[in-house]
Each structure stands twice: as structure tokens, then as C-alpha cells.
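Please look over the sequence and the model shown here, and follow the report below from one part of the fold to the next.

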Amino acid sequence: MTDLDTKIKKFVQLILDAKNIIALTGAGMGTESGIADFRSPGTGLWEKVNPDEFASIHSYVSDTKKNLDFMLEMGMNIFKAKPNKGHKALTMLQKLGKLTGILTQNIDRLHQKARSKNVVELHGTAYEAICMGCSNVYPITIMIDQVMSGKASPSCDVCNGLLKPNAIFFGEPLRSETLSKADKMIEACDLLIALGSSLLVYPVAFYPRKAISLGAKLAIINIQDTDMDYNAEIVIHDKIGDVLPLIVDIVKSELKQDK
Ligand SMILES: NC(=O)c1ccc[n+]([C@@H]2O[C@H](COP(=O)([O-])OP(=O)(O)OC[C@H]3O[C@@H](n4cnc5c(N)ncnc54)[C@H](O)[C@@H]3O)[C@@H](O)[C@H]2O)c1
Ligand SMILES: [Zn+2]
């Protein structure tokens, strides 16, 4: 048995033993769908642009046009992306009754496109725009149409306030309803599976610690090391799309044998 086989076997057993599993997903979940993450060496977005100049609420307000050009490029890539093998494997795990819900940092809606249920979008979504004046929410197409027709600062029909994508920018707080839903999921789970996240951005960086302190186990699939590797029951440093479908297939056949 290779080292990977042993790890996969252990991962499967953790899933079979658990009663309430939550997946915590990050940008590494989307890379196999063609969406760049932030921190992968060579391909991560932060090697190309400075996060202080883009994607912060301060930079958006002070130079809307420059930020919108960057976001539109990123957005177009997101809108054409399709769920990959990893998203589909999570949906299968849920169909097998082995995944309660997903906490995602991603704004790409690929879990929902793969028909996973109970997905909490911690950082909002690229598919909506929100007014910074009155908080009215619009489909993102309304905002894109205004930008495409040459408007430098897209605006709200109701109050004329500045529209922004309904994703959380740096410097913005997360929504309190979202945070309390996520807290409940973390408090209730007995296995947390972290997938494709550097686990550096708060509050996500805090969730594995909180789950473990409440008695849950942690399992990680991530190409690079994370700060939480030493606290996990199992860590697989590999591509999600190569490993997760194998794990879910074995879980499926083990559950069939039990019937
Ligand atoms: N798809 C998206 O919606 C998207 C894309 C870019 C950034 N973001 C935002 O990025 C922020 C950054 O935090 P983060 O922790 O999610 O991302 P991150 O960029 O900090 O970390 C991504 C991690 O995923 C790993 N990884 C990349 N491809 C992988 C694969 N195929 N299989 C396994 N691991 C893989 C990398 O090694 C890295 O450690 C989040 O706030 C999120 O909102 C989202
Ligand atoms: Zn408004």
C-alpha cells in the first residue's frame, strides 16, 4: 500500500465514523475549474496584482474604474466556469448522507451549480451587485451593463448610490447572519473537511481551531502546507479533483456493503 492509499483509507474511515460533516472550501476548490486562487506560487492572483490596490473597499471607492476593470476580468472567468470533479464529489457525499453542509470562501457559486445543498457563502457572491447606499441587491448583469455602456461608477436605481459586486472586499465586515449560521455549523460538526484553503483569512482561519476545541476532527486536502496541518487527523497534499472522488467512491461502496 502506498502512503497515499493509507491516507485515503484513513480519510474514508473518518467520514464513515462521523455523523455531522461540514466541508470548508477555499479558492483551491476552483482552480481546477480555471479560476485562479490568491496564494498558489506562480499562478495565484496576488503574484500579479497588489491586494492593497485591488479588492479592498477603500481602493474600490477611491478608484472605482481601475478596480472594476480588474473585477470584470476576474468575473468573466468565474461566470464561464463549470463545477469540477471536486465539487461533484462533494455533491455525491451529500447524496450519500455524509455531508451536512458547505462553508465556502468562494464567490463563484460552483457548489450550487454542482447541486450541493446548504452552502453558506461566507464572502458573498460574484453573481450579485449591492448598493453601498441603501443595500439594495441586483443581479450582477445590471452592473455589468452599466459599466459596458461606459459608466465609470455604476449606480443604484433607488438611491443613486455606488454599486459594488456583492462579494466581501478587504476591509469590509462579514454579514452577521452568515457568521452566526457558520458558527452553528462549526459548533455542531464532528468532522471538518478543509479543501483548497490556505486557512489564513479570518474568520475561516479560526474555524478549524474552534471545531477541534469543541471535540471535532479535522481532515485537510490542500496542495501546499497549511498552519493547521499539525492539528489535523489527516492531511493529503494533493489536488482535490484527483483525491476527493477516490475517497467518495470508496465511502459509497462501503456504505452499500453495510446495507
Ligand atoms: N473561486 C473563487 O471564488 C475565488 C478565487 C480567488 C480568490 N477567492 C477568495 O480568496 C480568498 C483567499 O483564501 P483561500 O484560503 O480561499 O485561498 P488561498 O489562495 O489563500 O489558498 C488556496 C489554497 O488552495 C491550494 N490549492 C490550489 N489549487 C488546489 C487544488 N486543485 N487542490 C488542492 N489544493 C489546491 C493552494 O495550495 C492554496 O494553499 C478567499 O477569501 C476567497 O473569497 C475566491
Ligand atoms: Zn441604493
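## Packing of helices H1 and H9

In this predicted model, helices H1 and H9 pack at an angle of about 55°, with their axes 9 Å apart. That angle makes H1 oblique to H9, and H1 passes H9 in a right-handed crossing. On the H1 side the residues that meet H9 are Ile8, Phe11, Val12, Ile15 and Leu16, and on the H9 side their partners are Val243, Leu246, Ile247, Ile250, Val251, Glu254 and Leu255.

One of these residues, leucine 255, lies in helix H9 and is partly exposed, with a relative accessible area of 23%. Although leucine 255 and leucine 16 are 239 residues apart along the chain, their C-alpha atoms are separated by 8.1 Å. Leaving aside neighbours within four places in sequence, leucine 255 is in contact with Leu16, Leu96 and Lys98.

## Packing of helices H4 and H9

Helix H9 also packs with H4, at an angle of about 20° and with the two axes 8 Å apart. Angles under 35 degrees count as roughly parallel, and H4 and H9 are therefore roughly parallel to each other. The crossing of H4 and H9 is left-handed. From H4, the residues Lys85, Gly86, Ala89, Leu90, Met92 and Leu93 take part, and they meet Ile240, Gly241, Asp242, Leu244, Pro245, Val248, Val251 and Lys252 in H9.

Glutamine 94 also has its place in helix H4. Because its relative accessible area is 15%, glutamine 94 is buried, the cut-off for that term being under 20%. When residues up to four places away in sequence are not counted, glutamine 94 touches Leu99, Thr100, Gly101, Ser116 and Lys117.

In soluble globular proteins, nonpolar side chains tend to be buried together. The largest nonpolar core in this model has 28 residues, and those with the most contacts inside it are Phe11, Ile15, Leu90, Leu195, Ile221 and Ile247. Two or more residues each are given to this core by helix H1 (3-17), strand E1 (21-25), helix H4 (85-95), strand E7 (191-195), strand E8 (217-221), strand E9 (234-236) and helix H9 (240-258). The element that gives the most to this core is H9, with 6 residues.

Isoleucine 15 illustrates the contacts made here: not counting residues up to four places away in sequence, isoleucine 15 touches Ile21, Leu93, Lys98, Leu191, Ile193, Ile247 and Val251.

## Backbone geometry in the loops

Most residues other than glycine have a negative phi, and most peptide bonds are trans. Against that background, which residues does a cis peptide bond join? The cis bond joins tyrosine 202 and proline 203, with omega about 10°, and proline 203 is placed in the loop between E7 and helix H8 (207-213).

Serine 135 has a positive phi of about 65° although it is not a glycine. The loop that holds serine 135 runs between strand E4 (124-131) and strand E5 (137-139), and serine 135 is partly exposed there, with a relative accessible area of 48%. Asparagine 160, likewise not a glycine, has a positive phi of about 70° and lies in the loop between helix H6 (140-148) and strand E6 (163-167). Asparagine 160 counts as exposed because its relative accessibility is 59%, where the cut-off for exposed is over 50%.

## Cysteines and alanine 36

How many disulfides does the structure hold? The structure holds 0 disulfides. Cysteine 134 counts as partly exposed at 34% relative accessibility, and cysteine 159 counts as partly exposed at 36%.

Alanine 36 is found in the loop between E1 and helix H2 (57-62), and with a relative accessible area of 31% it is partly exposed. Beyond the residues up to four places away in sequence, alanine 36 touches Thr31, Thr43 and Leu45. The C-alpha atoms of alanine 36 and arginine 175 are separated by 25 Å, the two residues being 139 residues apart along the chain.

Technical notes
Residues numbered from 1 in each chain as written. Chains lettered and ligands numbered in written order. Predicted model: local features only at pLDDT ≥ 70, side-chain atom pairs only at ≥ 80, totals over all residues. Heavy atoms only, no water. Core = buried A, V, L, I, M, F, W, Y, C linked by side-chain atoms within 4.5 Å. Buried < 20%, exposed > 50% of the residue type's maximum accessible area, 1.4 Å probe, protein only. Helix = DSSP H or I, 4+ residues; strand = E, 2+ residues; numbered from the N terminus. Contact = heavy atoms within 4.5 Å. Disulfide = S-S within 2.5 Å. Axes fitted to C-alpha atoms, helices over the stretch in contact; angles between N-to-C directions. Parallel < 35°, antiparallel > 145°, perpendicular 65-115°, else oblique. Left-handed = near helix turned anticlockwise from the far one by under 90°.
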